[in-house]
Amino acid sequence: MRGALAVAMREIAERKLLFLGAFVAGLLPLAFSLLPGLREIPQEARSVAMFLLATSIAAAFPLFLGATILASDIAERRLAFYFSRPLSAASIWAGKLLGGLLISVGCVFLAGAPVLLLERERAFSLTTGGLDPRGLLASTLPGILLLLLLAHVAASMARLRSAWIVLDLVLAVVFAVAITLSLRSLLLLARPRGSHEPWRSPAGFLWWLPVALVAILLAASWVQVVDGRADARRSHGALSATLWGLTAVFTAILGGLAWWVAGGG
Amino acid sequence: MSATLSTGSAAPGALGSSAVDVRRLVVRYGENPKPTLQEVSFSVPRGSVYALLGRIGAGKSSLVRCLLGQQKPTAGSCAIFGEGAWKNRARLMTRVGVVPEDPDAPPAMTARQLEAFFSRLYPAWNGGSVFDRLRRLDVPADIAFGSLSKGQQTLVSLSLALASTPDLLVLDDPTPGLDAAARAAFFDELVGELADRGTTVLLTSHDLAGVEKMADRVGILKGGRLVLDESLESLRSRFRRLRYGNEGMVDPASYGQELSAFDSVKVKVRGWGIEAVVSNFGEESFTRFVALEGVVNAEASALSLEEIFAAVVGERSPEEKRNA
């Protein structure tokens, strides 16, 4: 844990200017209320601009950090720097991801902070239909984590340049088709909301899908670092084997469920 | 001609007394039929300085990565202080200082920030020594690592590696790209550290003059195999350059046959006579050689490590000779 925090703090310290940039960018929505045509609705102008900015950062930062914070180190053989230290592989993995997550989340909130401080609850009531800030936080965090992991996995596959990339591309298409077909069957057969069988609720499936995806991506990236270490080829192999192995299990479960539901189970 | 390149003296130290134990190590990349390392075995006794030499691509860096637990060997094992490097890497690294071939610290961090980061990781951290060394070596502590010269980066890496008060120091070819002054400073720091603490050192390098100043023992990798593992003293005593004239020989094709008592690594016919490098020099053999009919003006001179290395890695293997 101490090692993971040390790695995370190092990543944050290296990118501390991002926080400053996000906060400065967060001041821009305050000026929107001064623009001609928006002076009549200053509160809406500020809130909408703030939410657009925060959403952009919530999408762009995890994609950027996910593609660079760990995948670049492996591809450029810089991960050996950490593996030459008394840090467990799990600490390196957790520290890097935690760093990326904290930077992304921190920047989103810093970008929103000036308007939120000025408007307080009104900022939410205007643009989100009264969404609870805690609910917003709860959906931002897993969303950023998912983007971070997706960017890491995609960047690893693209940058590690091993033969596994061919298998990655083929299996990505195969599993995407299989999962889409299974979901389609399940959604078509699904009963209305309120059913006593939650697996037949479309909303239930849509919630479980990203949860399963995050779990699979976390496991794959963990095995990648723990087993691949500073060896780029082995790292890609460990990532792909875990990713597609777990995806196969998930697809099989989903397909089995679709088959069972279609059979009237 | 045959070359005696096998172990000249037994590797000292049982398993428990070795800082490093590499056993039957095999590293193979992808589908390449020829392994990068083939059944490599050697030990580094505690407190010694072991220089692992080889040409570019001989497998030195692969071996170091396996030893540091960064890369899983295809077969065989690497142990540091008796513990498997792959399994116990994180714990072992508290006792190991590393200076990599390409300084790999994050480019944006300064030496001061690196020192602060390392101080959280090592139980026996001597942060003051980092700044003392950097001051002595005239390396700025507040400039981003990526903006320093290659020599300065290496000296920062060495200062950080030594500040963890390591029991084992692993230096993976740290001196290429360093100018003469930086190389001298690097080796002076090392020699000073060895004198002060008796740290075990495993060093891979192409700077053989620097290696020769400090190594106790030398291993040479060639074609993925460890073709030599021997103390430097023993190497120096058995390798000699012989220069002589042979008045009895008429046919140039038979030059060198008078060297049958020696294992000749290299024989060259010069205008003034014959020059040979032998790998099993002995005073008695030489006395008998000098007394041979036709041999005149024979003299034997010692070889530098660089010359010994060139003789060993430059020579073709028996298999290559057969194919030729």
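**Entry 1: the interface.** I began with the contacts between the chains and found 26 residues of chain A in contact with 29 residues of chain B. I note that this is a predicted model. Chain A and chain B bury about 2,400 Å² between them, and 56% of that area is on carbon and sulfur atoms.

**Entry 2: polar links.** I searched for salt bridges between chain A and chain B and the count was zero. For polar contacts, I counted 11 residue pairs between the two chains, both residues being at pLDDT 80 or more. On the side of chain A that touches chain B, two or more residues each come from helix 1 (2-14), helix 5 (80-83), helix 10 (202-228) and helix 11 (232-262) of chain A. Helix 1 of chain A gives the most, with five residues.

**Entry 3: a sheet in chain B.** I traced an open sheet of four strands in chain B, with the order 2-1-4-5 and antiparallel pairing. Strand 2 (37-45) and strand 5 (83-84) of chain B are its edge strands, each pairing on one side only. Six bridges join strand 1 (residues 18-27) of chain B to strand 2 of chain B, and B:S18 has B:P45 as its bridge partner in strand 2 of chain B. I also found helix 1 (residues 60-67) of chain B lying across strand 1, strand 2 and strand 4 (75-80) of chain B, at about 120 degrees to strand 1 of chain B.

**Entry 4: B:D207.** I located B:D207 in the loop between strand 8 (200-204) and helix 7 (208-214) of chain B. Is B:D207 buried or exposed? B:D207 has a relative accessible area of 14%, so I recorded it as buried. Leaving aside residues up to four places away in sequence, B:D207 touches B:T175, B:R183 and B:F187.

Terms used
Residues numbered from 1 in each chain as written. Chains lettered and ligands numbered in written order. Predicted model: local features only at pLDDT ≥ 70, side-chain atom pairs only at ≥ 80, totals over all residues. Heavy atoms only, no water. Pairing = 2+ DSSP bridges. Contact = heavy atoms within 4.5 Å. Axes fitted to C-alpha atoms, helices over the stretch in contact; angles between N-to-C directions. Buried < 20%, exposed > 50% of the residue type's maximum accessible area, 1.4 Å probe, protein only. Buried area = accessible area lost by both parts, 1.4 Å probe. Salt bridge = Lys/Arg side-chain N within 4 Å of Asp/Glu carboxyl O. Polar contact = N/O pair within 3.5 Å; in protein donor to acceptor, adjacent residues only side chain to side chain.
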